[in-house]
Amino acid sequence: MANEEENYYGKHGEPRKFDPKFRGPIHTRHCTDVLCCVVFIAVILGYIALGILAWVHGDPRKVVYPTDSYGQFCGQKNTTNENKTILFYFNILKCASPVVLINLQCPTTQLCVSKCPDRFATYLDMQASYRYNKSYWDYYRQFCKPGFNNPWKAVTHVIRDEDCPSMIIPSRPFLKRCFPDFSTKNGVLTVANQTTFKDGRGKTRNVTDLREAANGINSVLDARSVGMKIFEDYASSWHWILIGLFVAMIVSLLFLVLLRFTAGVLFWIFILGVIGIIGYGIWHCYSEYDRLQGTPGSDLTIYDIGFQTDFRVYLQLRQTWLAFMIILCIVEVIIILMLIFLRNRIRIAIALLQEGSRAIGYMMSTLFYPVITFILIAICISYWAVTAVFLSTSGEPVYKVMANQTQCKYANLTCNPETFNTTNVTKLCPGAQCAFAFYGGESTFHKYIFIFQLSNAFVFLWLVNFAIALGQCTLAGAFASYYWAFRKPADIPLCPLFSSFGRAIRYHTGSLAFGSLILAIVQMIRIILEYLDHKLKGTQNSFTRFLLCCLKCCFWCLEKFIKFINRNAYIMIAIYGKNFCTSAKEAFFLLMRNVVRVAVLDKVTDFLLFLGKILVAGGVGVLAFFFFTHRIPVFMKEAPTLNYYWVPLLTVIIGSYLVAHGFFSVYAMCVDTLFLCFCEDLERNDGSTAKPYYMSASLHRILGKKELSPKKAMG
């Protein structure tokens, strides 16, 4: 604390000397936190190298295209599967669930086909009709292994060697895989209007046997249908959605302008409304208390009746309403006393809000800076996602022995398809195959893929936080140059936003990276805790769950605190150009010396900005509702016909809220910057001619101080 006081009052307690040349953010600067800057640049270069490494080893086609039992992609150009884009399963009954199918781990032969089966058929029926109808075999053989052309081969051997499926059922493609064509008829599950089918092994089975293998497919297919309709709605209404977002932008700008004149009125309306509501609550509690007088049983105490699950019982007691009335009276008195004793601080908060609107009015370009932050974050998200996909698909094909016999000791062991037929596995386990299982590898690169994925996630968090920090520091520098302009707007420097951005990049990349690194570490720990909590949900260890819950809560609070410290540290960096730790310390102690003002300003700002976001999103949402439901006579012909009008409506409402949040985040940063500058101004200066205040006339009047004459200042 002593070192902190020296920063403001000198080593011997004398007031810090006024710098007559101080005109806002210092322009003569030096690079700060150089070591962290070097590390940050090295990490970015390493991140680029990781992306290149993943790009070299990865193959996103493994995500897009299904893979057959030979490790070949379905639909891959310049291969025999070029025109075979769909994956077919020989025996879908062996697949436990759609998750198994999608993960390509179903223990049956998988074959690429050009289309799914459209009829029920079995290999036995094909052999029986082959003598007089060879077209039956021509259709059936397209679902057999390539090159197999022996319709007379014994059924038992065909099933053992999995040359052909024992049966085919009507299917339709989904996720480029053939799934049974389920439908419901009179409440009964059917496939192609049939409830039974032959399994090709002499048994007749019910289509409900396919339910487990294709669990949830119907709901997913219905969801796909809904998705197509939603896509159609977006295609026909996207330009109206953009118009709605443009209207939200205009309304947001108007609200920020009106705050200059209505901030005080809105706040006092809110306060008087709260006081009135609580007053009504006190009156209602007294009325109920008086009404229950003389009612049998109403004079019992809460202790007498004990705990009751029906809470309406407590409302029949006079003591309950007396307690409510006392609590509301206490709250009412506290609010009134706070308004009396904090009235000057509330006036300062409102004046700062109005000053923020004035500052933005002189620097309108600041309102559009969030677009730059959005672009930077979008680049980070895109790079992270692409790198994650390439890393996850960077393995080599791994083949495993798949046997029909459960007692085969070679089952699930890795194998080589090129040499598999020369081994004795097929003799010991008749029908066993060396089939593709998944992508993996045993090289050093493949062993550390998990570490690479963690690194990818961590650097992603670091870069996103850096992009946000850069925006906060840039805006803080621009708004600080406004506050420290002695004559506003004459002394505001030319292009303050561009100049502030240049200073932040040139001199303070290391400091911004340092603050972002601390926050990224905490966020990464929170992600790991969430992962552990998800994994341990099924366990019965209550102490572990309690410990994880406590850790999650602590790190959530820590993240909020670090964000608060970082935000104010970036403001100090933008003004004075000091390193991160020094700026964070000075900002923290400056805020602690003005903690009441901080609390009041924070709540006033939060209320007004939240009100603005709700007004913008709600107002534009109501307008969009009337438009998309054809309730505006002027635009009835222009309004598109939609499957679900709520699709563009929700998009407009959410988009309007995000647009308002983007504009108001600039406004919140402006108010925070002006507040820190205001506190600094009060500590640096005393309003005399020698040390005049830099604050605006409205703030100066609220303080109730007059500038000292030159004679009094000298005296």
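Modeller: Start with the rule. A disulfide is a pair of cysteine sulfur atoms within 2.5 Å. Keep in mind that this model is predicted.

Biologist: How many disulfides does the rule give here?

Modeller: The count comes to three.

Biologist: Take C116 and C178. What is the S to S distance, and what is the handedness of the link?

Modeller: A disulfide joins C116 to C178, with S to S at 2.1 Å. The angle about the S-S bond is -95°, and the link is left-handed.

Biologist: Are C116 and C178 buried or exposed?

Modeller: The cut-off for buried is under 20% relative accessible area. C116 has 9%, so C116 is buried. C178 has 4%, so C178 is buried.

Biologist: Which residue is joined to C74?

Modeller: C74 is joined to C112, S to S 2.0 Å. The link of C74 and C112 is left-handed, with -80° about the S-S bond. The pair links distant parts of the chain, 38 residues apart. C74 lies in the loop between α3 (61-64) and β1 (86-89), while C112 belongs to strand β2 (residues 110-113).

Biologist: What is the relative accessibility of C74 and of C112?

Modeller: C74 is at 0%, so C74 counts as buried. C112 is at 4%, so C112 counts as buried.

Biologist: Now C144 and C164. Is their link left-handed or right-handed?

Modeller: Right-handed, with 115° about the S-S bond of C144 and C164. Their S to S distance is 1.9 Å.

Biologist: What is the nearest cysteine sulfur to C557?

Modeller: That of C553, 4.4 Å away. The cut-off is 2.5 Å. C557 is in no disulfide. At 39% relative accessibility, C557 counts as partly exposed.

Biologist: And where does C581 stand?

Modeller: C581 is in no disulfide either. The nearest cysteine sulfur is that of C36, 9.6 Å away. C581 has 47% relative accessibility, so C581 counts as partly exposed.

Methods:
Residues are numbered from 1 along each chain as its sequence is written. This is a predicted model: local features need pLDDT of at least 70, side-chain atom pairs count only at pLDDT 80 or more; totals for chains, interfaces and linings use all residues. Side-chain values use heavy atoms; hydrogens and water are left out. Helices (H or I, at least four residues) and strands (E, at least two) are DSSP runs, numbered from the N terminus. Buried means under 20% relative accessible area, exposed over 50%, partly exposed in between (1.4 Å probe, protein chains only).
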